[in-house]
Amino acid sequence: MSEHTVRSPLPGVFYRRPAPDQPPFVEEGGTVSADQTIGLVEIMKQYQEVKAGADGSLSAFVVEDQAVLGAGDPVATVEVG
Amino acid sequence: MRTLLVANRGEIAVRILRAARELGLRTVAVCSEADVDALHVRMADEHRVIGPPSATRSYLDEGAVLAAAAESGADAVHPGYGFLSERASFAQRVVDAGLAFVGPSPEAIRLMGDKVLARQTAAEAGVPTVPGSDGPVPDVHAALAVAERTGYPVAIKAAAGGGGRGIRMVESAEVLREALPRVQGEAQSAFGNAEVYLERYVPAARHVEVQVFGDGERFVHLGERECSLQRRRQKVVEEAGAPDLPAEVRERMTRSAVALAAEVGYHGAGTVEFLYDPQRTEFYFIEMNTRIQVEHPVTELITRRDLVREQLTVAAGEPLSFTQEEIRPEGHALEFRLTAEDPDLGFFPSPGTLTRLNLPAGPFVRVDSGLVQGGEVPPFYDSLLAKVVVWGDTRETALARGRRALDEVEVEGVATTAPFLRRLADHPGFVAGQYHTTSLEEWMTDGSEDGLVRRSA
């Protein structure tokens, strides 16, 4: 079994929810598909989706909701398969 | 008023600090951890760090801003634009803490912030609103009766829609008859609410707004601004005055704006936005913004009045420093919004370090910016780098000066919209002053010689 590290494509603020009053895109341990959105990165008031990038289960987020990210920073780990 | 806290960042914080310093006030800046080296922080007498970079945890944190005001001994708070500027709850907390809020009353913010109440208030003040059904239409029969009154084309809008979603434009009674039940069905499945209302559809609409000012007793206007050049509903270029606006329309529009300000006993600077129908030469109320606006400098240049200074003196309890008769707009002003976005990459945001920053200067050119060479453009806030504002005795002179000023922009370290703005300044539609709210996006997909599609040399 291999692990896939999801990285932020951009610098900005990471959000696990589509809006403050809505549930997270995905919970830790949840099943994800490669093109599934697992969070958003806000850069200069524009929002970019972060995709899982691999089919499997999202084992853990390595950053907190609303964490500040640099481009290429790890966001989450997906157990592939 | 002795000590002013500026609850904002970037160019508007700098703009407010300048006015405050000219009035001899002690100034307090607030900043997030990402902005500790920013120009507005350096310009203020003192500063307070109010939280981490994310705006929701700093500039949008009411409690943190209020705590900074209390600790620093501020007796007034200027919210700028954006962030907390139109939050009635924040204005109320500032007032409850015994400080002056530089803006209208919390009640006025609340009233104008509610779409339905604002429209009702406008109608009561005799301000024209878009002709339509004033609520949901139950069936085709009722819809046809409404359309008889508004004329065609008419827009069917889902009550639960918004932001351009759930709108269908129909050209005739035959099409309306057939489209109404279908739009109701679509609204039900898309929004879980089948209610639709009807509004006159205005083709080639323009966005024209009026700057108003009040001291609670007297209410005046400072002319209009044309703000139709927009990309994704964001203004790109603004003008004062509006090109080709008939004098009679200007007269009615400014009178309407003042009537609305008077209706709510307005205090401070405000902007009444109108949708202008150039074919019918009619205008309709859109909304009132209860704050200073980004594009206020074009009004300052043609009226020679310092609007931010006036906000401060009025908030300190002084009457308006001028009468309506003393406002005599002269010449023409243009504002170009220079942003850190890459026009070659679909205007993708471009944060970074400004390794080079040379902004325009020279006669009748004003540049408002919160940045200096070597400074950071953080990824956390909006992308405005600078406002390049020019004045000329005619629109033609102002435009020539605008081109010259844009040619002087030199930025390295981030991508900017300067090349795009410069091409726009040569566009025949812009040069002629013939444009409406969808023109810019049309020009951007126009591949002909005149278009703004990027052509590689």
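**Entry 1: a bridge in chain A.** I looked up A:Glu3 and found that its bridge partner in E8(A) is A:Glu79. I note at the outset that the model is predicted. I then examined the two strands as a whole: E1(A) and strand E8 (residues 74-80) of chain A run antiparallel and are joined by five bridges.

**Entry 2: the sheet.** I traced the sheet to which these strands belong. It is open, has four strands in the order E1-E8-E6-E3 (chain A), and its pairing is antiparallel. Strand E1 (3-7) and strand E3 (31-32) of chain A are the edge strands, each pairing on one side only. I recall that strands of a sheet pair through backbone hydrogen bonds.

**Entry 3: chain A overall.** I recorded eight strands and zero helices in chain A, giving the pattern β-β-β-β-β-β-β-β along the sequence. The radius of gyration of chain A is 12 Å, close to the 12 Å of the globule rule for 81 residues, so chain A is as compact as a globular protein of that length. Along the principal axes, the C-alpha atoms of chain A fill a box of roughly 35 × 25 × 20 Å. I found 35% of the 81 residues in chain A to be buried. Of the contacts in chain A with a separation of 6 or more, 60% link residues 24 or more positions apart.

**Entry 4: two helices of chain B.** I turned to helix H7 (residues 140-150) and helix H8 (residues 173-191) of chain B, which pack at an angle of about 145° with their axes 10 Å apart. Their crossing is right-handed. B:Val140, B:Ala143, B:Leu144 and B:Ala147 in H7(B) meet B:Ala173, B:Leu176, B:Arg177 and B:Leu180 in H8(B). I classed the residues of this contact as seven nonpolar, no polar and one charged.

Technical notes: Residues are numbered from 1 along each chain as its sequence is written. Chains are lettered from A and ligands numbered from 1 in the order in which they are written. This is a predicted model: local features need pLDDT of at least 70, side-chain atom pairs count only at pLDDT 80 or more; totals for chains, interfaces and linings use all residues. Two strands pair if DSSP finds at least two bridges between them. Axes are lines fitted to C-alpha atoms, for helices over the stretch in contact, and angles run from 0 to 180 degrees between N-to-C directions. A crossing is left-handed if the near helix is turned anticlockwise from the far one by less than a right angle, and right-handed if clockwise. Two residues are in contact if their C-beta atoms, placed from the backbone, lie within 7 Å. Ala, Val, Leu, Ile, Met, Phe, Trp, Tyr, Cys and Pro count as nonpolar, Asp, Glu, Lys and Arg as charged, and the others, Gly among them, as polar. The radius of gyration is taken over C-alpha atoms; the globule rule is 2.2 Å times the number of residues to the power 0.38. A residue is buried if 20 or more other C-beta atoms lie within 10 Å of its own, exposed if 12 or fewer, and partly exposed in between; C-beta atoms are placed from the backbone.
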